[in-house]
Amino acid sequence: NINENNKILNISFNQDNSRFSVSTEKGFKIYETYPLKREYENNIGSGLKFTEMYYNSNILVLVSGGENPKFSEKKIIIWDDSLNKIIGEINFFKKIKNVKIKGEKIYIICENNIYIFNIKTLENIEIIETSENNKGLFSINSLENFDVIAFLAYIKNIDENNKNIKNVYIKIKNYEKSFELNIDTKEETLSYICLNNMGNLLAVANEKGNEIKIYSCLSGDLLRCLYRGMEKAEINYICFDKSSSYLAVTSDRGTIHIWSMRGIFQQLIDINKINGYDFFIDNNDKNDEDKIKNEIKDNNELPKNKTLLFSNYEKSFARIKLQTNKSVCAFHENNIIIAITYEGKYYQAKLDTKIGGHCQIIGDIDLKI
């Protein structure tokens with residue numbers, strides 16, 4: 001059970017999902033994800049909107065928030081928990097909407113900009129202008145030494161009647177391939193965006209929360225439309241597993257929906273070859289092509305042709321039902337899915353990769369926040 005004075009404000013996994021942080025009205029708690037173990041905690045006497053971990057080190061990036069913020073919500077705090085003190089800070093002109101860490105870089109999202117800093121020197125590396133982004137929608141891929149980011153693009157389009165087109169565009173910025181791509185989502189508002197590990201697939205949830213679109217980050221093609229349900233839902237979290245074989249979506253409806261992504265790889269390979277793109281990241285990954293093709297050769301989820309127009313939305317392959325209105329989740333080894341709720345519950349569920357359906361809950365633990 002959660003102390004009413006110490007409610008959860010945010011839950012965040014580290015870069016490889018091996019740990020997760022819980023930000024509360026009093027401080028933070030750090031846990032090992034699987035098996036569950038509380039690593040350390042610090043009641044710094046301040047509400048925290050974000051607690052981002054620098055891999056498995058004692059270095060954390062903190063942003064104040066909640067009903068009792070100790071610091072400005074326009075400030076990034078670099079915290080060394082082994083020393084129990086602040087070792088750096090960065091001030092901004094506007095409130096921080098989101099923050100992520102990858103490699104040596106901190107990505108800070110404010111209303112109309114993304115600021116990229118070196119976490120060790122606090123040197124500003126880049127400032128990216130974005131469209132208005134009150135939700136802090138933004139994603140970076142997790143593969144090391146290969147940086148791809150996705151964010152809301154600032155694009156003005158005029159239709160034939162000289163009226164502004166209000167569709168949200170997402171810009172893909174691929175640093176290793178040195179190119180940018182704008183994706184027209186055909187939506188006026190979005191609720192969540194997420195890149196896969198390799199940075200070649202993008203998942204986009206509409207505001208209603210009833211569909212998730214999957215795009216190629218190399219060609220911009222719409223690959224698949226996933227159907228969550230008819231009822232309006234607030235999408236809390238989207239994640240791919242490490243190999244992009246599955247996609248999971250959590251919402252305020254309490255159900256985690258899971259789709260198989262394996263069949264999409266053949267389509268992605270075909271489309272990228274048609275458009276002259278190299279599907280694989282670099283030459284070192286070429287030898288994985290046969291392995292991926294073997295995984296999907298018996299998969300008949302997608303038509304053999306290369307059309308991108310689907311008459312039917314694809315329903316989820318598997319589901320997990322929880323008593324919650326907000327949660328995050330992550331895929332673990334041996335088809336285990338970890339789910340953590342904002343009510344302070346930790347779940348382990350087993351995904352049956354052959355038949356899908358309702359996943360068996362094999363662990364249910366109270367975090368005692």
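Tutor: Let's start at Asp-364, which is partly exposed, with a relative accessible area of 45% (buried means under 20%, exposed over 50%, and partly exposed in between, using a 1.4 Å probe and protein chains only). Keep in mind that this is a predicted model, where local features need pLDDT of at least 70 and side-chain atom pairs count only at pLDDT 80 or more, while totals for chains, interfaces and linings use all residues. Residues are numbered from 1 along each chain as its sequence is written, and side-chain values use heavy atoms, leaving out hydrogens and water.

Asp-364 has a partner: its side chain meets that of Lys-345 in a salt bridge, 3.5 Å from N to O (the rule asks for a side-chain nitrogen of Lys or Arg within 4 Å of a carboxyl oxygen of Asp or Glu). Lys-345 sits in strand β28 (residues 345-350) and Asp-364 in strand β30 (residues 360-366), so this pair ties together parts that are 19 residues apart in sequence. Strands here are DSSP runs of E with at least two residues, numbered from the N terminus. Lys-345 is partly exposed too, at 29% relative accessible area.

Elsewhere, salt bridges that share partners link Glu-126, Lys-171, Lys-173 and Glu-180 in one network. By the salt-bridge rule, the count comes to 17.

Conventions: Helix = DSSP H or I, 4+ residues; strand = E, 2+ residues; numbered from the N terminus.
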